[in-house]
Amino acid sequence: MPTVRLSFSPAPAHVRTARLVGVAVARRAGVAEELLEEVRLAIGEACSRAVALHRSHGLDALVDVAMADGDRFTVRVVDRAANGATVSREPQDEAVVLLSDPALPLTTPPDLLAEEAVAARMGLALLAGLVDDLSVSELSEGVGTEVRMSWPLEHPGDRPA
C-alpha cells in the first residue's frame, strides 16, 4: 500500500498545494474521475480546518497529511490543536453524528468566536456533506485531531471500455 506524506506550516497558502497533491495521488491510485472534485474539495476543507485550528490556538506545528491506496483511497489530515471536534459517519449512514466540540461550545455568542474557530467548525459541516466515509477523532497519542476520509477505487474490471 503506497503512502504519500505531506507536512506543511499552518498557512492558508499551503492548502492549495495539499489539494493538488491529493488529487494527483487519488487519480494515480484509481479513484473514479467523477469523484476527483469531491476529493479535491474534501482535502481542501480538512486542511483549511487544520490550519484554522492551528492559527486560532497560536500553534506553529506542522499540519500532517497522509494519502494511501489499499482497498480504498484514504486521506488522513492531522492537526495538533487541543479540543477539536469528533465526528462519526460511515458510508452506509444517512446521518452524521457530532460527538463533541468542546473548543466551541454552542452557548458561545458568535461575536466572541475567532474567525479561524468559525472556519474550523464550518469545515466539519462541509466535510460531512462531501464525504461518505468520514471520521474525525482525537489523536490516541498527543494533542490534536485526525480527519480520516476515504473513497472507493475503480478496478480494471469496473472501468468502461
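Author: Let us start with a pair of side chains, keeping in mind that this is a predicted model. Glu-37 forms a salt bridge with Arg-40, and the closest N and O atoms of the two are 2.5 Å apart. Both residues belong to helix α2, where they are three residues apart, about one turn of the helix.

Reader: Is Glu-37 buried or exposed, or does Glu-37 fall in between?

Author: The general idea is that buried means under 20% relative accessible area and exposed means over 50%, with partly exposed in between. Glu-37 has 42% relative accessibility and therefore counts as partly exposed, and Arg-40, with a relative accessible area of 27%, is likewise partly exposed.

Reader: How many salt bridges does the structure hold, and which residue forms a salt bridge with Asp-79?

Author: There are seven salt bridges in the structure. Asp-79 forms one with Arg-49, with the closest N and O atoms 3.1 Å apart. This pair links distant parts of the chain, since Asp-79 is in strand β3 and Arg-49 is in helix α2, 30 residues apart. Both Asp-79 and Arg-49 are buried.

Reader: Which side chain does Asp-133 meet in a salt bridge?

Author: Asp-133 meets the side chain of Arg-72, at 3.7 Å from N to O. Because Asp-133 lies in strand β6 and Arg-72 in strand β3, the pair ties together parts that are 61 residues apart in sequence. Asp-133 is buried, with a relative accessible area of 7%, whereas Arg-72 is partly exposed, at 28%. Arg-72 and Asp-133 are also linked with Arg-148 in a network of salt bridges.

Reader: Let us turn to helix packing: at what angle do α1 and α2 pack?

Author: To read a helix pair, take the angle, the separation of the axes and the handedness, and then look at the residues that meet. Helix α1 (residues 13-29) and helix α2 (residues 36-56) pack at an angle of about 145°, with their axes 9 Å apart, and the crossing is right-handed. On the side of α1, the residues in contact are Val-15, Ala-18, Arg-19, Gly-22, Val-23, Ala-26 and Arg-27; they meet Leu-36, Val-39, Arg-40, Ile-43, Gly-44, Cys-47, Ser-48 and Val-51 in α2. The residues of this contact divide into nine nonpolar, three polar and three charged.

Reader: Where is His-54 placed, and what does His-54 touch?

Author: His-54 is in helix α2, and at 0% relative accessibility it counts as buried. Leaving aside residues up to four places away in sequence, His-54 touches Pro-10, Leu-59, Ala-61, Leu-62, Val-63, Asp-79, Arg-80 and Ala-81. The C-alpha atoms of His-54 and Ala-11 are separated by 9.1 Å, although the two are 43 residues apart along the chain.

Reader: Finally, which residues touch the most other members of the largest nonpolar core?

Author: In this core of 33 residues, they are Phe-73, Val-75, Val-77 and Met-149. The elements giving two or more residues to the core are β1 (3-8), α1, α2, β2 (63-69), β3 (72-79), α3 (115-130), β6 (133-138) and β7 (145-152), and α2 gives the most, with eight residues.

Methods:
Residues are numbered from 1 along each chain as its sequence is written. This is a predicted model: local features need pLDDT of at least 70, side-chain atom pairs count only at pLDDT 80 or more; totals for chains, interfaces and linings use all residues. Side-chain values use heavy atoms; hydrogens and water are left out. Axes are lines fitted to C-alpha atoms, for helices over the stretch in contact, and angles run from 0 to 180 degrees between N-to-C directions. Helices (H or I, at least four residues) and strands (E, at least two) are DSSP runs, numbered from the N terminus. A crossing is left-handed if the near helix is turned anticlockwise from the far one by less than a right angle, and right-handed if clockwise. Contact means heavy atoms within 4.5 Å. Ala, Val, Leu, Ile, Met, Phe, Trp, Tyr, Cys and Pro count as nonpolar, Asp, Glu, Lys and Arg as charged, and the others, Gly among them, as polar. A nonpolar core is a set of buried Ala, Val, Leu, Ile, Met, Phe, Trp, Tyr and Cys residues joined through side-chain atoms within 4.5 Å. Buried means under 20% relative accessible area, exposed over 50%, partly exposed in between (1.4 Å probe, protein chains only). A salt bridge is a side-chain nitrogen of Lys or Arg within 4 Å of a carboxyl oxygen of Asp or Glu.
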